[in-house]
Amino acid sequence: MVGLSGQTKLCPLCSAQLKKMEEISCEECGRPNLGAPAEGTCHDCVRWKKVAPWDTKAFHHRALYYYDPFIQEVLTALKYRGDVALGELFSPDLKSLGKKIGSFDFVTYIPLKEGRHWERGFNQAEVLARSFAAKPLVERVGVSSNKQSKRTREERILAMKNAFVLSVEGRKENYSGKRILIVDDIYTTGATLRSAASLFYEAGAEFVAAVTVARAVGSKARKKMK
Amino acid sequence: MRFYPIKMKAIIHSANSGNNQFFPHITEKAKEEDSWLLPEFPPYEMEKKLLNDPPPLNHDDSLLAPFLQTTPKPIIRLHDTNWYFPPPNEQFTPNPNMETYLKNRRLLIDELPFSHGEIHQHVAHGWAAYEPGITPRGRGHHCNRCGNTDPSLFANFQCFRCKDDCVYCRSCLMMGKVTGCSPLVTWKGVSGKIFSETKKHVMAWDGTLSLFQQKASDKLCTCISNFLQGKNERDHFLIWACCGSGKTEMLFHGIKLALNSGVKVLIATPRTDVVLELEPRFKQAFPDTVIHAFYGGAKERFAQGELVISTTHQLLRFHRAFDLVIIDEVDAFPYTADKKLRYAVSQARRERALTVFVTATPDDTMKREAEKGLMECAKVARRYHRHPLPEPALHWIGQWKKGLGRRRLPSKVVAFVKKHLQGNKQIFLFVPSVRVMEEVEASLKKVVDVTVGAVHSADEERREKVMAFRKGEIRVLVTTTILERGVTVKGVQVGVLGAEDRIFTESALVQIAGRAGRSPDEPTGEVIYFHHGKTNEMVKALKHIKRMNALGEEELLKEKRGGGK
């Protein structure tokens, strides 16, 4: 790295604790490679390919770090304790990560429901997307009030079905043939991001990708990491 | 959150404001140019129809219409507003639950489990009030909860509540977020005391005080009774008691006196360990008193007590609550933490209150004030068992860091450890940093064949390791300064490796030396500061201990002579 691109606001001890996502085994969702041979497309993504629009459309996701207790602590401080300044640690890196995927016509982030948004006072995905010229293109609908982090995969997918619509601002844009990038904090099953991405595909987008700070790895993989 | 300002003039002249629960119940004493602030209620309260009873509020419509031609521009900073507060409405019955939460406290609106509608209703009836969470000070900010003014501990963000660029305090974030637009809520209601003032508090403790303790205890009692009668000249009192003199017992009589006069008593300390240790002792000593301990992770965070034991952080929730404030181990943390504790105490004490500091190592300012008589002071120079404090020896060990890099400990340190292990003693070895601790642990394991433990502040097994050391399962414990106080192990020998490090201040070194010889069965012990260059702090620590011992000697002599008469 040259010059300012290599700077970090973290002390060396904390930087050393962040586990960078270096090798991936799934080209689609960016599942990390933890010793298993590269599969091209992972089991999870194969399952997704059986439902529309994923039978015809591509999905692409990359994360900065593995989701481990350390990053969990950092993200908890950001999200639940509200230490918004921590977003600065990741936002510039997310921008570089987005650039690696390609160039995009629109950048947006996963929204919060109004009540939750008021409770927190901010949207962590919006904070993380600050380095981009991100726009609030998506809006959350539906009645579910539970946090996504408390659900199983099936529950998540069900809950996320039709959870988003294009916002007033989002409906003004024309997406046909365009490339869109979505920013969020954590990737677990991909249900949230895929649900938001499918909106843009319905509106005629050519390619939708996502970047997150951390990607959860399965319990088996976690054991291997140790 | 946003507030809509309405000039009192409009409210005073409006006929229908008296019927609305969100407007001041009485406007007689209001000035026309003052404002009344109507908060914007959060969307989920509107959604859940929590505001149905009292009537729903929507700022765009009819409610504001009588007062204004157009919708007012919301204001988002409370501090630059002259706000009218009505006096408490005797006709209104406040929610007793809210009183338990708020009485003598100042809490973030998010900490309260009541709807904003209900809280505002109490404000309109004069039973509660809003205060700004953060106010500007000079070019920066001041957090009104924790007193933080450090610019690097404030950050800005785009706030969804006030729809503006907002500031928040990072210093007390652990206690919930104070932002530029979030109000702190206090209780204004006067009637209905939670505790009876004539209750008789019983002291179950019947131990005896040593000569030294007795003198300090008597002096404290005199000071407290003067304070209670309003005759005290000073509102600060220092108990300068050497390590192991039995500080807690000295406080019992004074606290009993205060409790029986119906005043509220606080014992504050920077350390959770100390709170946990004190709680059972006080509960045992005062079985009929309502005692609550507040520390991070405590179950009941908002209970009301007659005697409160609290850490610095938890203290930040109290406001004008205590008449007698006792601060234990005031110097246990570096300056900044100390400043925080002082701010917390200044907010938690009543305007007229007595503050008692209890410490073995007062800082220079406090010592000076005590000597000049600006602060009343009682010195306790001897331990409960009357033996003098072990005086530390200074041993030069040269460039110990170099050797340690090659996993070699200075021969003097090895000799010290081996000598005491042969004598079947346990050893406390203090080091300046976690890294040195790890290196020393590894190096020690190569030269001795007993269990060597190492513990630092972030160690998850800290409690277990200290327990194992107490039981004697660990023979040598290498530690950073976190164990400099509070841990008492019989017959322990004490070494400080790298005593020249900045972290070893006079107070830290005195406290560390105070670990040795605490038990009446083994009142002596060796204390050695291994160093690479004598520092002023080491010399000061040595002087401190010698002076204490001399003072103790003098007082014992006086007693003998007095006894002979």
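**Figure 1. Domains 2 and 3 of chain B.** In this predicted model, the C-alpha centres of domain 2 of chain B and domain 3 of chain B lie 30 Å apart. The contact between them draws on twelve residues from domain 2 of chain B and ten residues from domain 3 of chain B. On the side of domain 2 of chain B that touches domain 3 of chain B, the largest share, three residues, is supplied by helix 7 (residues 272-285) of chain B. Sorted by class, that side of domain 2 of chain B consists of five nonpolar, two polar and five charged residues. For orientation, the division of chain B runs through domain 1 (3-187), domain 2 (211-380) and domain 3 (393-552).

**Figure 2. The two chains and the contact between them.** Chain A, with 226 residues, has buried residues making up 37% of that number, and its secondary structure comprises ten helices and six strands. Chain B, with 565 residues, has 45% of them counted as buried, and its secondary structure comprises 16 helices and 22 strands. When contacts between residues at least 6 apart in sequence are considered, 77% of those in chain A join residues at least 24 apart, and the corresponding share in chain B is 75%. Where the chains touch, eleven residues of chain A are in contact with 15 residues of chain B. The side of chain A that touches chain B is made up, by class, of four nonpolar, four polar and three charged residues.

**Figure 3. Helix 5 and helix 6 of chain B.** The axes of helix 5 (residues 211-228) of chain B and helix 6 (residues 247-260) of chain B come within 8 Å of each other and cross at roughly 20°. Because this angle is under 35 degrees, helix 5 of chain B counts as roughly parallel to helix 6 of chain B. The crossing in which helix 5 of chain B passes helix 6 of chain B is right-handed. From helix 5 of chain B, the residues taking part are Gln213(B), Ala216(B), Ser217(B), Leu220(B), Cys221(B), Ile224(B) and Ser225(B), and they meet Glu249(B), Met250(B), His253(B), Gly254(B), Leu257(B) and Ala258(B) in helix 6 of chain B. By class, the residues of this contact between helix 5 of chain B and helix 6 of chain B divide into seven nonpolar, five polar and one charged.

**Figure 4. Helix 7 and helix 9 of chain A.** Helix 7 (residues 153-160) of chain A and helix 9 (residues 191-202) of chain A have axes that come within 9 Å and cross at roughly 25°, which means that helix 7 of chain A is roughly parallel to helix 9 of chain A. Their crossing is right-handed. The contact is formed by Arg156(A), Ile157(A) and Met160(A) of helix 7 of chain A together with Ala191(A), Thr192(A) and Ser195(A) of helix 9 of chain A. Three nonpolar, two polar and one charged residues make up this contact of helix 7 of chain A with helix 9 of chain A.

**Figure 5. The surroundings of Phe430(B).** Phe430(B) lies in strand 18 (residues 426-430) of chain B. Phe430(B) counts as buried because it has 29 C-beta neighbours inside 10 Å, and the cut-off for a buried residue is 20 or more. Leaving aside neighbours within four places in sequence, Phe430(B) is in contact with Thr479(B), Thr481(B), Val496(B), Leu497(B) and Ile512(B). With Leu497(B), the separation is 67 residues in sequence and 6.0 Å in space, C-alpha to C-alpha.

Figure 6. Most residues other than glycine have a negative phi, and most peptide bonds are trans. In chain A, a cis peptide bond with omega of about 0° joins Ala52(A) and Pro53(A), and Pro53(A) is placed in the loop between helix 2 (43-48) and strand 1 (60-66) of chain A. In chain B, Arg320(B) has a positive phi of about 50° although it is not a glycine; Arg320(B) sits in the loop between helix 8 (312-315) and strand 14 (322-328) of chain B, and it is partly exposed, with 15 other C-beta atoms within 10 Å. Asn424(B), also a residue other than glycine, has a positive phi near 60°. Asn424(B) is found in the loop between helix 12 (411-422) and strand 18 of chain B, and it is exposed, with 9 other C-beta atoms within 10 Å.

Methods
Residues are numbered from 1 along each chain as its sequence is written. Chains are lettered from A and ligands numbered from 1 in the order in which they are written. This is a predicted model: local features need pLDDT of at least 70, side-chain atom pairs count only at pLDDT 80 or more; totals for chains, interfaces and linings use all residues. Two residues are in contact if their C-beta atoms, placed from the backbone, lie within 7 Å. Ala, Val, Leu, Ile, Met, Phe, Trp, Tyr, Cys and Pro count as nonpolar, Asp, Glu, Lys and Arg as charged, and the others, Gly among them, as polar. Helices (H or I, at least four residues) and strands (E, at least two) are DSSP runs, numbered from the N terminus. A residue is buried if 20 or more other C-beta atoms lie within 10 Å of its own, exposed if 12 or fewer, and partly exposed in between; C-beta atoms are placed from the backbone. Domain bounds come from an automatic or database domain assignment. Axes are lines fitted to C-alpha atoms, for helices over the stretch in contact, and angles run from 0 to 180 degrees between N-to-C directions. Angles under 35 degrees count as roughly parallel, over 145 as roughly antiparallel, 65 to 115 as roughly perpendicular and the rest as oblique. A crossing is left-handed if the near helix is turned anticlockwise from the far one by less than a right angle, and right-handed if clockwise.
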